[in-house]
Amino acid sequence: MVQFTLPKNSKISKGGYFKDVTGSKNIKKINIYRWDPDKNENPKIDTFEVDITQCGKKVLDILNKIKNEIDPSLTYRRSCAHGVCGSCAMNVDGINTLSCMKSHKDINGDINIYPLPHLKVIKDLVADLSTLYRQYESIEPWLKTKEKKSKIIEINQSKQDRKQLDGLYECIMCACCSTSCPSYWWNGEKYLGPAVLLQAYRWIVDSRDEERKERLKKVAGKLKLYGCHTIMNCTNSCPKGLNPAKAISSLKKMLATN
Amino acid sequence: MTDNQNPISPHLQIYRWHISSLLSITHRITGIVNLLALILMFFWLLAFSLGESNYELFLLAINSFFGKFILIGFTWSMSFHILSGIRHLVWDMGYGFEIKTANISGVLVILSSLVATIIFWLLGRGLI
């Protein structure tokens with residue numbers, strides 16, 4: 001049964017208020033979701049006053065500043081800080097995005113930061129993506145050939161065939177799209193979700209892959225693929241500007257016309 | 001790594017609405033409302049078959065302020081669901097997935113469903 005409200009242990013309460021100590025006039029209030037597995041408490045929202053004149057341009061810079069200068073216990077994933085690794089995916093200002101790509105100047109008023117939606121929280125902004133990774137594994141995201149070739153040779157691809165992969169290969173699996181999708185929230189165990197389906201499509205349209213038919217058949221499950229109702233939250237959230245909704249539609253179309 | 005002690009991160013409570021998501025849920029709701037409209041039509045037939053006094057009672061009900069409100073609501077719900085359904089059909093053919101296009105088509109569905117409702121009622125009343 002779909003549960004639209006949060007379960008009892010997930011209800012959010014008001015947390016601490018960390019007042020600015022620098023005396024700066026350019027203060028921005030940052031509200032951050034906190035949950036500590038070592039304390040037997042419900043999640044809470046801590047508010048930090050941050051001097052944004054002494055801070056980099058991106059939301060990730062704010063998080064780093066808070067961790068370095070105000071509260072070292074603040075926990076989040078980050079690595080490259082250039083929108084390539086996909087680690088710092090989170091919900092900023094109501095939309096899933098990479099915090100290293102999102103400019104805090106684009107946000108008016110307070111900035112609200114939550115972990116990616118409808119996941120088990122591990123700590124603070126770190127959520128558990130293991131279901132998604134398992135689903136990713138299930139589509140076998142590697143090149144497959146029918147029989148073992150006697151000689152190892154390069155499989156060539158025409159420029160035109162290579163073009164088919166544009167807008168797909170750029171995906172960094174940050175999970176912004178999948179965790180923005182209400183259909184994935186309610187049926188996350190069965191529905192593959194936009195990220196995994198975009199990847200499935202990426203291997204299906206690869207001219208070098210020889211298991212196109214089997215792949216299509218495998219993805220065609222009732223909820224696996226057709227859990228998509230074109231809500232388009234995925235495309236609206238993708239920090240790389242890709243279009244998972246279109247990829248899913250192409251899969252549906254392939255199955256309908258084949 | 002996680003067990004049932006771990007909270008679930010907030011979702012509906014915090015996620016920002018887009019035109020596309022708003023229209024998607026409205027499409028579902030109007031689908032259900034349309035079913036109610038169909039049931040009302042059966043009651044209309046039933047009242048019709050039960051004779052004059054029953055039919056007059058039915059007319060009295062739907063000609064009241066509340067009745068009219070419901071009927072206009074049903075007209076809009078039907079218009080919206082059909083137009084939004086056409087939008088879905090176009091998507092199924094593989095067109096209109098760019099964010100800008102989808103936003104424009106969404107606004108078009110909202111506006112034209114309102115216009116269609118007005119036109120239906122003006123036509124029905126013999127005013128145009």
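Helices (H or I, at least four residues) and strands (E, at least two) are DSSP runs, numbered from the N terminus. B:F42 counts as exposed because its relative accessibility is 53%; buried means under 20% relative accessible area, exposed over 50%, and partly exposed in between (1.4 Å probe, protein chains only).

The model is predicted, so local features need pLDDT of at least 70 and side-chain atom pairs count only at pLDDT 80 or more, while totals for chains, interfaces and linings use all residues. Residues are numbered from 1 along each chain as its sequence is written, chains are lettered from A and ligands numbered from 1 in the order in which they are written, and side-chain values use heavy atoms, leaving out hydrogens and water.

Turning to chain A, six strands form an open sheet in the order 1-3-2-6-4-5, with mixed pairing. Its edge strands, strand 1 (13-18) and strand 5 (95-98) of chain A, each pair on one side only. On average, neighbouring strands of this sheet are turned by 30° against each other, direction ignored. Two strands pair if DSSP finds at least two bridges between them. Strand 2 and strand 6 of chain A run parallel and are joined by three bridges; here A:I30 has A:I111 in strand 6 as its bridge partner. Strand 4 (residues 89-92) and strand 6 (residues 111-114) of chain A, by contrast, run antiparallel and are joined by two bridges, and A:N91 has A:Y114 in strand 6 as its bridge partner.

Helix 1 (residues 59-70) of chain A lies across strand 1, strand 2 (27-34), strand 3 (44-51), strand 4 and strand 6 of chain A, and runs at about 95° to strand 3. Contact means heavy atoms within 4.5 Å; axes are lines fitted to C-alpha atoms, for helices over the stretch in contact, and angles run from 0 to 180 degrees between N-to-C directions.

Two loops of chain A deserve a look for their backbone. Most residues other than glycine have a negative phi. A:E140, in the loop between helix 2 (130-138) and helix 3 (159-163) of chain A, has a positive phi of about 50° although it is not a glycine. A:M173, in the loop between helix 3 and helix 4 (182-187) of chain A, has a positive phi of about 55° and is not a glycine either. A:M173 is buried because its relative accessible area is 15%.

Over all chains, a search of the whole structure finds 17 salt bridges, each a side-chain nitrogen of Lys or Arg within 4 Å of a carboxyl oxygen of Asp or Glu. A:E140 meets A:K144 in one of them (2.3 Å, N to O); A:E140 is partly exposed at 25%, whereas A:K144 is buried at 15%. Another joins A:R208 to A:D206 (2.8 Å, N to O), with A:D206 buried at 2% relative accessibility. Salt bridges that share partners also join A:R34, A:K44, A:D46, A:D71 and A:D124 into one network.
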